[in-house]
2 protein chains.
Amino acid sequence: MKITILGGGGFLGRKVAARLAEMGSLGGKAITGLTLFDLVAPPPLAAPFPVTTLGGDIAELPEAAIPPDTDVVFHLAAVVSAAAEADYDLGRRVNLRGTDAVIDACRRLAKPPRVVFTSSIASFSGGQDGLLPDDTRQIPANSYGTQKAAAEMLLADASRRGFMDAVCLRLPTIIVRPGRPNKAASSFFSAIVREPLLGLETDLPVPDDFKVWVASPRRATEWLIHAAAMDTAPLGLDRSLNPPGMCVKVSEILAALDTVEQGASRLVRRVADPVIAGIVGGWPAGFEAKRAPAHGFTAHEPLIDVIRAFVADDLEATRTERGIA
Amino acid sequence: MKITILGGGGFLGRKVAARLAEMGSLGGKAITGLTLFDLVAPPPLAAPFPVTTLGGDIAELPEAAIPPDTDVVFHLAAVVSAAAEADYDLGRRVNLRGTDAVIDACRRLAKPPRVVFTSSIASFSGGQDGLLPDDTRQIPANSYGTQKAAAEMLLADASRRGFMDAVCLRLPTIIVRPGRPNKAASSFFSAIVREPLLGLETDLPVPDDFKVWVASPRRATEWLIHAAAMDTAPLGLDRSLNPPGMCVKVSEILAALDTVEQGASRLVRRVADPVIAGIVGGWPAGFEAKRAPAHGFTAHEPLIDVIRAFVADDLEATRTERGIA
């Protein structure tokens, strides 16, 4: 089976690629080729199958990004929340025109491929008191969430028409992201763990009792892989799922951090930021995620395991990348 | 105040234009100019203010369609349901790229204009047993409904960003449309009244007890005019409304027809059409429309008045247009 990862150079894209290389097969079929596409060609990947890397603009998706015999497309390419809010045209181009380009590429294939799309909880409103049932209407309070919600609709329609076979996962806020702070409004949820573990101070723009719906990179990767091989027939017209993340308070994240490294949370400075707080404050703090578990999406591991996994998987690489001794 | 009607040559566009000409003002302000834009320049209109007509492609919207000092834009231009289902690219171009072009035109204006957008009940599923609350999630079963639902999201986001001030009305099936049968899957709901009144036979592709959520041209026009002048502040992020149509059975339409013209319904032939029945069968038969009435959208008149209004407003023009003696 041939697989493409759009956004294959990004954080989750690299995790999914590495996991596929480890597995060597997907849904019981041997992987025979992997194409990694991103704005800049992703670095090479050691794998038991041929890996092609390719750079370009997703809105003008080159044919080589999704070869004719592709079976699975992970569509993870996106302009993130704060960036899409700052630059409307860029967000629309990547998040919407990019999705149209993926649909058109799939229409050209011999066989409709499975498409796994990362949507986001930012496509909902709800706020701190939200505990949203699976059939909640998406009323986004930001352009990123709007573009994701609209893209979900286009992918569901493309599936109904037989152009593809899509599964859209509204991912929780992912913690702990490695690397540096990025332009996602949710960047600080990772920074408050990562930076102290690097011995660095970092800012917390929301109160300690702020609640957030999170998932770990390991869990999100497992969900994405599951979405690539699951039976989609029972999904019907509704191709979107809220996977079972967990609702945690910032104070709980900091307590888990201190359990892993005593006193680390002293490096977290309380610096209110009304813009960031305004964006993330509009996202729902929790979901009654019942449908996704019924379709085989696994439950979340405890917060302390999330932080230990970051230390095991990503801390050293982050230290090296950032030149921190 | 300056007004533009995109889709100003269409059925509802002409009705709204005629009503504005009659009123001479909107929301207490004198109308000082009206621009009618459509694929082909609409015919001239007698009005107490200057009227400009213009033809072109909405996806490449010419600047003259929405002059810099425009206060209100009616965005009614669309590729209808069966046509958008038959030609995916055309539907996407007009229904989505067209909406993006409207957003971009509004961004160039000095003042964010009111935009009144016609969405559709085709953006919902639900079927014959549906009685949908206002906050029902849109899970469209057709490309037209998908494109309308996605456009609603883009317009709500554009409103939040201050590019415009949008109101999206999910219009019921409009009966009785004048003219000829068109490519809307719902065309027959008008034909079963209009054709018999013209003395012509027509086909009914669904059973007599099929339920449909309808509104008259007079009511829809009044709603559109109301949407153009209403206070939008209480709408918040949610710019979409289900106006209070009415749920009627085909048999009730035919009974009302016979009341207006005795025995007319004998000209309706039962000819099942699974394709048409499949499309309209996926639309909800009814809504619990509570929010729109609370925002001043008026209740519907009885079915018999709808048919009498068609006879008064549109029957003769249809007869002339189609060369029927």
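Which loop of chain A holds A:Gln138? A:Gln138 lies in the loop between β8 (132–133) and α4 (143–160) of chain A. The model is predicted.

## A buried glutamine

A:Gln138 is buried: 24 other C-beta atoms lie within 10 Å. The cut-off explains the label, because a residue counts as buried at 20 or more such atoms.

Setting aside neighbours within four places in sequence, A:Gln138 is in contact with A:Ser123, A:Phe124 and A:Ala149. A:Ser123 is 15 residues away along the chain from A:Gln138. Their C-alpha atoms are separated by 5.8 Å.

## Strand β9 of chain A

Strand β9 (residues 165–171) of chain A is mostly covered, with seven of its seven residues buried. In a regular strand the side chains alternate between the two faces of the sheet. In β9(A), A:Asp165, A:Val167, A:Leu169 and A:Leu171 point one way. A:Ala166, A:Cys168 and A:Arg170 point the other way. Both sets are buried, and they include the charged residues A:Asp165 and A:Arg170.

Strands of a sheet pair through backbone hydrogen bonds, either parallel or antiparallel. Strand β7 (residues 114–120) of chain A runs parallel to β9(A), joined by seven bridges. Here A:Ser119 stands opposite A:Arg170. Strand β13 (residues 240–241) of chain A also pairs with β9(A) in the parallel sense, over two bridges. In that pairing A:Cys168 stands opposite A:Ser240.

## The three-stranded sheet of chain B

Chain B has an open sheet of three strands in the order β10-β12-β14, with mixed pairing. Its edge strands are β10 (173–174) and β14 (246–249), each pairing on one side only.

Two bridges join β10(B) to strand β12 (residues 211–215) of chain B, and the two run parallel. B:Thr173 stands opposite B:Val214 in β12(B).

## Cis peptide bonds

Which residues does the cis peptide bond of chain B join? It joins B:Ile175 and B:Val176, with omega about 10°. B:Val176 is found in the loop between β10 and α5 (187–197) of chain B.

Chain A has a cis bond from A:Ile175 to A:Val176, with omega near 10°. A:Val176 is in the loop between β10 (173–174) and α5 (187–197) of chain A.

In soluble globular proteins, nonpolar side chains tend to be buried together. The largest nonpolar core has 201 residues. A:Leu6, A:Leu224, B:Leu6 and B:Leu224 touch the most other members. Not counting residues up to four places away in sequence, A:Leu224 touches A:Val16, A:Phe74, A:Val116 and A:Leu169. A:Leu169 belongs to β9(A).

In chain B, Leu224 is among the buried residues of helix α6. Others include B:Pro217, B:Arg219, B:Trp223 and B:Ile225. Helix α6 (residues 217–229) of chain B has 13 residues. It reaches 19 Å from its first C-alpha to its last, close to the 18 Å expected at 1.5 Å a residue.

## How the two chains meet

A rotation of 180° with 0.0 Å of shift along its axis superposes chain B on chain A, at an RMSD of 0.0 Å. The two copies are therefore related as by a two-fold rotation axis. The same surface serves both: 100% of the contact residues of chain B recur in chain A.

How many residues of chain B are in contact with chain A? There are 18, facing 18 residues of chain A. Helix α4 (residues 143–160) of chain B gives the largest share of its side, seven residues. By class, that side has nine nonpolar, four polar and five charged residues.

Conventions:
Residues are numbered from 1 along each chain as its sequence is written. Chains are lettered from A and ligands numbered from 1 in the order in which they are written. This is a predicted model: local features need pLDDT of at least 70, side-chain atom pairs count only at pLDDT 80 or more; totals for chains, interfaces and linings use all residues. Copies are superposed by least squares on the C-alpha atoms of residues with pLDDT of at least 70 in both. Two residues are in contact if their C-beta atoms, placed from the backbone, lie within 7 Å. Helices (H or I, at least four residues) and strands (E, at least two) are DSSP runs, numbered from the N terminus. Two strands pair if DSSP finds at least two bridges between them. A nonpolar core is a set of buried Ala, Val, Leu, Ile, Met, Phe, Trp, Tyr and Cys residues joined through C-beta atoms within 7 Å. A residue is buried if 20 or more other C-beta atoms lie within 10 Å of its own, exposed if 12 or fewer, and partly exposed in between; C-beta atoms are placed from the backbone. The expected span of a helix is 1.5 Å times one less than its number of residues.
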